[in-house]
Amino acid sequence: MDLATEESPGDARRAAVPVRRHPGTPDTPYGPSLSVVVTTVASDAHTWNLVFLQLVLEELGHRVVNLGACVPDELLVAQCLGTRPDLVVVSSVNGHGFHDGLRLIGRIRACPELADTRVVIGGKLGINGVGGRECRDQLRAAGFDAIFEEGTGILEFRSFAKQLTMSVST
Ligand code: B12
C-alpha cells in the first residue's frame with residue numbers, strides 16, 4: 001500500500017509489509033487497534049510532546065505505552081523485543097533528535113526481530129529549525145519509516161496512523 005508520496009515528510013519506507021494483527025485486539029473505525037510505543041531519545045527531558053502524542057493515538061483507538069523522558073536506547077530495544085509493538089513513535093524536541101535518532105534506529109534495526117517494526121520520528125530534531133529533505137533522507141536511509149519534522153501537521157501523522165491501521169492483516 002502506498003502510504004505517502006516520496007516528497008512527503010511522512011513517507012513510509014516499508015509500506016508493503018503488513019503489520020500483524022494481535023488476536024483479541026479491539027477495532028478502530030479503520031481496522032484493528034495498534035499497539036504503540038511512544039518514546040523519546042536518551043538525551044531528551046521533554047515530556048509534554050510525549051503526552052500529546054499518546055493522547056492523539058489513544059483518541060484514534062490505539063493502545064499506547066509511553067516510556068517517558070530520557071529513554072536509554074537499550075530500554076527501548078528491550079521494550080520492543082519484549083512486546084513487539086506495531087508502531088514505535090520517537091519524539092524529540094531538544095535539538096539532539098537527529099543525531100540521537102540515527103544512533104537509536106541503528107540499534108533497533110540491528111535486531112533481526114525488529115527489522116520490519118514500523119518506527120517513525122518527529123519533533124524539533126535539530127538546533128537550526130527544520131532540517132529539510134537531506135536530513136529526512138538520512139533518517140529514512142538509516143531505517144526510519146517516516147519523519148514528521150516540526151511544521152508537519154499532526155493531521156499527516158494521524159493520516160499515517162490511519163493508513164497503517166488499514167494495512168493490518170486480518
Ligand atoms: C517546557 C520546556 C522545557 C522543560 C521540559 C519539562 C517537561 N517535563 O517536559 C525543561 C525545563 C526541562 C526544558 C529543558 C530544556 N530545554 Co526546553 N523547552 C520547553 C518548552 C518551553 C515547551 C515544550 C513543551 O512542553 N511544549 C508542548 C508540547 C505539546 O509541544 P512540542 O514539544 O512542541 O511538541 C509538539 C510538536 O513538536 C510535535 N511533535 C513533537 N514530537 C513529535 C513526534 C511526532 C512523530 C510527531 C508527528 C509530532 C511531534 O507535536 C507536539 C504537539 O504539537 C519549549 C519551547 C516551546 N515553546 O516549544 C522549550 C524547548 C523545547 N527547549 C529547548 C531547549 C534548548 C532546552 C534545554 C537544552 C535548555 C538548557 N539549556 O538546559 C533543556 C534540554 C533538557 C534535555 N535534556 O532535553 C529548545 C529546543 C531548541 C531546538 N530544538 O532547537 C526549545 C524549543 C526552546 C527554544 N526555543 O529554544 N525545556
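The model is predicted, so local features need pLDDT of at least 70, side-chain atom pairs count only at pLDDT 80 or more, and totals for chains, interfaces and linings use all residues. Residues are numbered from 1 along each chain as its sequence is written.

**Exercise 1.** Work out which order the strands take in the open sheet.

*Solution.* Start with the elements: the protein has five helices and seven strands (DSSP runs numbered from the N terminus, helices being H or I with at least four residues and strands E with at least two). Next, line up the open sheet: its five strands go 4-3-5-6-7, with parallel pairing (two strands pair if DSSP finds at least two bridges between them). Now check the edges: strand 4 (63-66) and strand 7 each have a single partner strand, so one side of each lacks a neighbour in the sheet.

**Exercise 2.** Find what joins strand 6 to strand 7.

*Solution.* Strand 6 (residues 118-123) pairs with strand 7 in the parallel sense over four bridges. Pick one of them: Val120 has Ala146 in strand 7 as its bridge partner.

**Exercise 3.** Say which way the residues of strand 7 point, and whether they are buried or exposed.

*Solution.* Begin with the rule: side chains in a regular strand alternate between the two faces of the sheet. In strand 7 (residues 146-149), Ala146 and Phe148 point one way, while Ile147 and Glu149 point the other way. Then burial: all are buried, meaning 20 or more other C-beta atoms lie within 10 Å of the residue's own, with C-beta atoms placed from the backbone.

How values were computed: A residue is buried if 20 or more other C-beta atoms lie within 10 Å of its own, exposed if 12 or fewer, and partly exposed in between; C-beta atoms are placed from the backbone.
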